[in-house]
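Let's take a walk through this structure, starting with a pair of helices and moving on to some charged side chains. Have the viewer open as you read.

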Amino acid sequence: LSSKTGDDANSEFALGEAVFYQNGTWAWTDLNSAGVEADNVGMLPIYIGAPGEENQGLTTGSENYWCINSKASKDDQQATADFLKWMITSDAGKNALATDMGFSTSFKTFDDVSTDNPLIDESKKDVEEGRESVTWVYTMMPSEQWKNDLGSALLEYAQGTGGWDAVRTAFVDGWAKEYSAAQ
């Protein structure tokens, strides 16, 4: 299990060796390149049996932001701002984001852009049907180290080489340690 990669998951799904593939709308470009047809994919919310999730929709959001380095030269800062503006306003930039890269584009400047990404269509349909989106909270996680420690404990548990107490400790005690260090 620990040797598996995202490329393995993409390949197994594309070859019909896997029924589910946990990813996002950005995965369409790779899936389509691997031979997956648009009418053979869809999206489902991840249900965990929690009360009140009957109208839960897809998880949405981003853990990434566009930033301009305040330590860069003023010329480089301006060039970066100009590039970002070009990305979301020019036909070439919008096409690169929405079509070539297959990204969801929440900017108003993309109202006139259509995509052939069926996963984006599924996401839009989910919202139009009134399902409540579940917000990602990646930016609220304590640190990359906390995620790595929790991931290691979960991997050991999944492989049968570790117990659930180690997962609990990595999550709870690890979070408390990170919180304490930040205060």
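Predicted model: local features only at pLDDT ≥ 70, side-chain atom pairs only at ≥ 80, totals over all residues.

Start with helix 6 (residues 144-159) and helix 7 (residues 164-182). Their axes come within 8 Å and cross at roughly 175°. Anything over 145 degrees counts as roughly antiparallel, so that's how helix 6 and helix 7 run relative to each other. On the helix 6 side, the contact uses Gln145, Trp146, Asp149, Leu150, Ala153, Leu154 and Tyr157. Helix 7 answers with Trp164, Ala166, Val167, Ala170, Phe171, Gly174, Trp175 and Glu178. Sort the residues of this contact by type and you get 11 nonpolar, two polar and two charged.

Now for the salt bridges: the count comes to five. One of them pairs Asp112 with Lys94, with 3.1 Å between the closest N and O atoms. Asp112 sits in the loop between helix 4 (91-100) and helix 5 (118-128), while Lys94 belongs to helix 4, and the two are 18 residues apart.

Next, look at Arg131, which is partly exposed at 31%. Arg131 makes a salt bridge to Asp126, where the closest N and O atoms are 3.4 Å apart, and another to Glu129 at 2.5 Å, N to O. Asp126 is buried, with 7% relative accessibility, but Glu129 is partly exposed at 44%. Through shared partners, Asp126, Glu129 and Arg131 join into one network of salt bridges.

Definitions and conventions
Residues numbered from 1 in each chain as written. Heavy atoms only, no water. Axes fitted to C-alpha atoms, helices over the stretch in contact; angles between N-to-C directions. Helix = DSSP H or I, 4+ residues; strand = E, 2+ residues; numbered from the N terminus. Parallel < 35°, antiparallel > 145°, perpendicular 65-115°, else oblique. Contact = heavy atoms within 4.5 Å. Nonpolar A, V, L, I, M, F, W, Y, C, P; charged D, E, K, R; others polar. Salt bridge = Lys/Arg side-chain N within 4 Å of Asp/Glu carboxyl O. Buried < 20%, exposed > 50% of the residue type's maximum accessible area, 1.4 Å probe, protein only.
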